[in-house]
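Hi,

Here is the structure I promised to pass on. Have a look, and my notes follow below.

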Amino acid sequence: LPASPPTFELNPMKKKILAAKGGRVIIECKPKAAPKPKFSWSKGTELLVNGSRIRIWDDGSLEIINITKLDEGRYTCFAENNRGKANSTGVLEMTEATRITLAPLNVDVTVGENATMQCIASHDPTLDLTFIWSLNGFVIDFEKEHEHYERNVMV
């Protein structure tokens, strides 16, 4: 590979990064560069260093755990090698974590009768929510198995 300064032209950082409250996020930083660049990160004007909640990986990725509202903001990755330097910026936004508020309960049913199970969840209103049901680890395809399974969506 010929030596080249870092460039983000082919692979810029995501402009908008969503992270769930209390969760973790990995923000990728993947410039094209040879030799491999050194990486550093900033949030706004503050230089980031490895700490209890923040880790900069060898491949340039930034990991943040236990996300809070204070983690929202503009994150910039800087890449530098002996040929030059470049940077790329994205904005991190926190969303409310998705939670199951009513989980399905055990149901005893007689063979040949119907069984009903409920699942209710709360989620961030800016996000779409999808319910996926599985039986013994296998996802139920409600289209294919409509004669046996029926999904009722209550709003």
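Asn136 counts as exposed because its relative accessibility is 71% (buried is under 20% relative accessible area, exposed over 50%, partly exposed in between, with a 1.4 Å probe and protein chains only). Asn136 sits in the loop between β13 and β14 (138-139); strands here are DSSP runs of E with at least two residues, helices are runs of H or I with at least four, and both are numbered from the N terminus. Asn136 also has a positive phi of about 50°, although it is not a glycine.

Before going on: this is a predicted model, so local features need pLDDT of at least 70 and side-chain atom pairs count only at pLDDT 80 or more, while totals for chains, interfaces and linings use all residues. Residues are numbered from 1 along each chain as its sequence is written, and side-chain values use heavy atoms, with hydrogens and water left out.

Back to the backbone. Asn66 is another non-glycine residue with a positive phi, near 50°. Asn66 lies in the loop between β8 and β9, and counts as partly exposed because its relative accessibility is 44%. The peptide bond from Ala34 to Pro35 is cis, with omega near 0°, and Pro35 is in the loop between β4 (32-34) and β5. For context, most residues other than glycine have a negative phi, and most peptide bonds are trans.

On annotation, UniProt (unreviewed entry) puts "domain: Ig-like" at residues 6-93; its positions are in the numbering used here, feature names are shortened, and annotations may be inferred rather than shown by experiment. That stretch is 0% helix and 52% strand, with its end C-alpha atoms 27 Å apart.

Next, the packing. The largest nonpolar core has 21 residues, and those with the most contacts inside it are Val25, Ile27, Trp41, Leu62, Ile64 and Tyr75. (A nonpolar core is a set of buried Ala, Val, Leu, Ile, Met, Phe, Trp, Tyr and Cys residues joined through side-chain atoms within 4.5 Å.) Elements giving two or more residues to this core include β3, β5 (38-43), β8 (62-64) and β9 (73-81). Leaving aside neighbours within four places in sequence, Ile64 is in contact (heavy atoms within 4.5 Å) with Gly23, Arg24, Val25, Arg53, Ile54, Asp71, Tyr75 and Leu92.

A pocket is an open set of points on a 1 Å grid over the protein atoms alone, where a 1.4 Å probe fits, with protein on both sides within 12 Å along at least five of seven lines; lining residues have an atom within 4 Å of a point. Points are joined across faces, edges and corners, and a volume is the space filled by probe spheres set on them.

The largest pocket has a volume of about 1200 Å³. Its lining has 29 residues, with Ala115, Thr116, Met117, Trp133 and Glu150 nearest the centre. By class that lining is 18 nonpolar, eight polar and three charged (Ala, Val, Leu, Ile, Met, Phe, Trp, Tyr, Cys and Pro are nonpolar, Asp, Glu, Lys and Arg charged, and the others, Gly among them, polar). β12 (120-122) and β13 (134-135) each supply at least two of the lining residues.

The second largest pocket holds about 210 Å³. Of its 14 lining residues, Met13, Lys14, Ile26, Ile27 and Glu28 lie nearest its centre, and β2 and β3 (25-27) each give two or more.

Cheers
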